[in-house]
Amino acid sequence: MAAIIEIKDLSFSYPDGKRALSGINLTVYSDEKIALIGANGAGKSTLFLHLNGLLNGEGQISVKSLPLIKKNLAQIRAVVGVVFQNPDDQLFSPTVFEDVAYGPLYQGLDQQTIRTRVERALCDVGLSGFSQRNPYHLSNGEKKRVAIASVLSMQPQILVLDEPTAGLDPRARRELIALLSELPQTMLIATHDLELARQLTPRTVLMNAGSIIADGSTDQILEDKSLLLEYGLL
Amino acid sequence: MQDFYRQQASPIHKLDARVKLILALAFIFFLNLTPDGAWPALIIFLTVSFSIAIISHLGIIFVLKRSLIALPFFLAAFPLIFSGKSPHLPLQILPNLTIFYSPAGLQRFITIALKAWISVQAAILLTATTRFTDILTALQQMKLPRLWVTVIGLMWRYLFVISDEVTRMLHARSSRSAAAPGKAKGAGTLFWRARVTGNMAGSLFVRSIERSERVYTAMLARGYDGQLPASSTVPLTNRARLVIATGLLGLLLLWLFSLLSTS
């Protein structure tokens with residue numbers, strides 16, 4: 001398997017001096033599905049914001065062997081699709097169609113391709129026929145799916161999801177997990193939902209206070225109750 | 001977005017918020033009553049501002065950097081150079097281009113620019129040396145209607161929440177602003193990009209309104225009846241009164257001086 005994301009010795013502090021990441025080393029291989037678990041404030045979201053250059057810490061990151069520098073940002077953002085925790089932050093258009101079409105439109109694709117991509121993405125998340133709805137008036141679970149579709153329409157190779165099941169009712173959560181398990185992309189999922197990790201991701205990375213504490217098979221890590229208890233996951 | 005307050009152990013930081021608020025307002029008031037072209041007085045006003053910057057350990061550089069926010073005011077006064085009182089004198093810019101400017105207008109422009117710049121410095125010094133909650137308490141103690149103080153306080157509190165929201169929305173948009181494979185940059189017309197930005201502003205507006213309704217419901221749930229409890233008023237110390245009196249007297253003298261020193 002080829003490495004698709006390589007992070008070497010990544011550290012980051014917020015402008016107010018709060019240290020958010022220190023010495024992160026992580027390699028993600030093609031087609032892997034990885035859960036990133038850790039208590040609130042462990043640095044999961046901060047790490048995600050580095051994967052497509054929204055934040056710039058010290059250290060090296062490369063995506064598909066492209067170093068993450070300003071010159072490559074536009075290409076890397078086409079490869080790494082980030083689905084944010086709060087769909088309202090991501091959905092800003094009056095219709096679902098326009099939101100899902102934002103990425104392809106920005107890429108300057110032709111009208112026909114855009115339409116096909118949007119239909120395909122909405123179909124993938126099970127929302128065909130929603131294209132003229134206002135995203136603001138959808139249910140939470142539907143908003144989540146539109147947010148995922150708005151990233152899928154860019155056909156990224158890597159999907160980065162920040163707490164995809166947070167705030168969903170049991171059925172919406174179950175359906176979302178089923179959806180994610182069908183998508184072929186390499187996945188990095190930040191979550192508190194250990195059950196999701198068990199069902200979806202063979203590999204788990206445990207973070208605490210900006211560092212990686214454990215990185216291994218999901219079964220092994222979830223087996224270790226004292227470890228989970230120590231880092232606030234049980 | 002960052003808080004304006006800068007923690008330092010300086011005599012200015014330790015002053016009662018009411019003293020600083022009254023003197024800052026009086027400073028801005030007298031500064032703006034200064035007539036056009038009273039250069040010596042304006043220089044003294046600037047010196048006072050710089051001195052406070054040094055005494056409060058903030059430093060002149062810090063104040064200068066933040067005071068760049070006054071630049072738009074300069075722009076607003078700029079036309080005065082050409083539309084000011086007669087006479088208008090010719091000014092040759094290029095061999096075949098001559099424009100007419102009014103010296104009186106130019107003097108007025110420089111005065112307004114200086115006043116705006118120094119007033120902003122006073123506001124920066126006040127907010128950098130006084131916690132915002134202390135300013136609010138001071139406003140309340142100075143008998144400003146409680147509703148106003150509440151509105152200002154809530155606005156301050158939620159400004160940060162909304163600015164975080166803006167940051168997250170911009171992150172989400174940047175994440176999807178990618179180049180097609182094989183292309184160096186993104187596409188999309190300027191009109192379309194402007195429309196997307198407009199949509200973002202609109203959705204932020206709707207969300208802010210809904211948030212305000214939730215906040216209000218939560219306030220009602222905790223017994224809010226339109227009146228916030230009054231904060232206890234501690235009388236000013238004699239020393240604080242002395243500082244206010246001296247400061248006001250100094251400002252008054254400086255203003256009288258400016259009236260005399262106008263050419």
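1. Buried here means 20 or more other C-beta atoms within 10 Å of a residue's own, with exposed at 12 or fewer, partly exposed in between, and C-beta atoms placed from the backbone. Helices (H or I, at least four residues) and strands (E, at least two) are DSSP runs, numbered from the N terminus.

2. Before going on, please note that this is a predicted model, in which local features need pLDDT of at least 70 and side-chain atom pairs count only at pLDDT 80 or more, while totals for chains, interfaces and linings use all residues. Residues are numbered from 1 along each chain as its sequence is written, with chains lettered from A and ligands numbered from 1 in the order in which they are written.

3. Back to H6(A): ten of its 13 residues are buried, so the rest of the structure largely encloses this helix.

4. Ala149(A) touches Val100(A), Ala121(A), Leu122(A), Asp124(A), Val125(A) and Leu127(A), leaving aside residues up to four places away in sequence; a contact is a pair of C-beta atoms, placed from the backbone, within 7 Å. Ala149(A) is also among the residues with the most contacts inside the largest nonpolar core, which has 74 residues. Such a core is a set of buried Ala, Val, Leu, Ile, Met, Phe, Trp, Tyr and Cys residues joined through C-beta atoms within 7 Å.

5. Gln90(A) sits in helix H3 (residues 87-90) of chain A and counts as buried because 27 C-beta neighbours lie inside 10 Å. Beyond residues up to four places away in sequence, Gln90(A) touches Phe84(A), Ala147(A), Ser150(A) and, across in chain B, Ala172(B).

6. The contact between the chains takes 27 residues from chain A and 24 residues from chain B. On the chain A side, helix H2 (73-79), H3, H4 and H6 each give two or more residues.

7. Finally, the strands: E1 (residues 3-13) and E2 (residues 19-29) of chain A run antiparallel, joined by seven bridges, where pairing requires at least two DSSP bridges. Phe12(A) stands opposite Leu21(A) in E2(A). E1(A) also pairs with strand E4 (residues 58-63) of chain A, in the antiparallel sense over five bridges, and Glu6(A) stands opposite Ser62(A) there.

Methods. Two residues are in contact if their C-beta atoms, placed from the backbone, lie within 7 Å.
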